[in-house]
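Here's a quick walk through one protein model, strand by strand and then into the cores. Have a look at it first.

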Amino acid sequence: DIEMERVAKIRDQEIDDLFYSGIEMNSDLICIHEQGVLYYANQSTCLFLGAKDLNQLFGHHYSEFLQVDEVTEQLLIPGEINNIKLVAKNGRTFLGCAFIVPIYFQERPMIMVRIRDNSAQVGQQINNQQIQQKYHRSF
């Protein structure tokens with residue numbers, strides 16, 4: 001049925017739009033690569049690496065933007081890295097926890113890396129403690 005296909009396409013596009021807007025506006029560093037060559041990076045990643053937008057990163061190996069060591073080499077392998085420290089060649093540093101997962105992107109197997117900011121988690125823990133204290137006092 002043509003109408004059902006049209007509705008499904010619209011729904012799929014809306015889901016994609018929500019997915020990408022959630023990733024794009026996220027403060028975590030999020031990128032998609034194939035053997036280190038970048039195919040996608042959200043705005044936070046672009047800013048951290050000193051790029052104006054994805055076009056400056058697309059098709060380049062991440063080693064062109066990051067100081068490479070044994071830890072950054074692990075960004076090629078699915079898994080989790082706690083307390084990772086990334087140092088960009090522009091001098092910026094980022095401390096966080098990395099989640100590296102295999103995905104299909106543009107119909108090819110690739111790797112998505114999401115690095116959560118540890119300092120934000122500390123701030124969130126403080127906020128949670130303040131909220132708990134506030135409401136605990138009111139009972």
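Strand 1 and strand 2 run antiparallel, joined by four bridges. Strands here are DSSP runs of E with at least two residues, helices are runs of H or I with at least four, and both are numbered from the N terminus. Two strands count as paired if DSSP finds at least two bridges between them. Within this pair, Ile32 stands opposite Tyr40 in strand 2. Two residues lie between the strands of the hairpin, and Gln35 takes a positive phi there, near 50°.

Before going further, some ground rules: the model is predicted, so local features need pLDDT of at least 70 and side-chain atom pairs count only at pLDDT 80 or more, while totals for chains, interfaces and linings use all residues. Residues are numbered from 1 along each chain as its sequence is written, and side-chain values use heavy atoms, with hydrogens and water left out.

## The overall layout

The protein has four helices and five strands, and from the N terminus on they run α-β-β-α-α-β-β-β-α. Of its 139 residues, 29% are buried (under 20% relative accessible area; exposed is over 50%, partly exposed in between, with a 1.4 Å probe and protein chains only). The accessible surface comes to about 9,500 Å², with 55% of it belonging to carbon and sulfur atoms; areas come from the Shrake-Rupley method with a 1.4 Å probe, and for residues only the protein chains shown count as cover.

The five strands make an open sheet in the order 2-1-5-4-3, with antiparallel pairing. Strand 2 (37-41) and strand 3 (79-87) stand at the edges with a single partner strand each, so one side of each has no neighbour in the sheet.

Strand 1 also pairs with strand 5, in the antiparallel sense, over five bridges, and His33 stands opposite Ile111 in strand 5. How enclosed is strand 1? Five of its six residues are buried, so the rest of the structure largely encloses it. Over at strand 4 (residues 93-105) and strand 5 (residues 108-117), the antiparallel pairing covers 10 bridges, with Val113 in strand 5 as the bridge partner of Ile100.

## Two nonpolar cores

Which residues have the most contacts inside the largest nonpolar core? They are Phe48, Leu57, Leu75, Leu86 and Ile115, in a core of 23 residues. Strand 1 (29-34), strand 2, helix 2 (43-49), strand 3, strand 4 and strand 5 each supply at least two residues of this core. A core here is a set of buried Ala, Val, Leu, Ile, Met, Phe, Trp, Tyr and Cys residues joined through side-chain atoms within 4.5 Å. Apart from this one lies another core, of seven residues, among them Ile32, Tyr39, Tyr40 and Phe105.

Asn83 is found in strand 3 and has a positive phi, near 55°, in a residue other than glycine. Is Asn83 buried or exposed? Asn83 is exposed, with a relative accessible area of 62%.

Gln106 sits in the loop between strand 4 and strand 5. Phi of Gln106 is positive too, near 55°, and Gln106 is partly exposed, with a relative accessible area of 48%.
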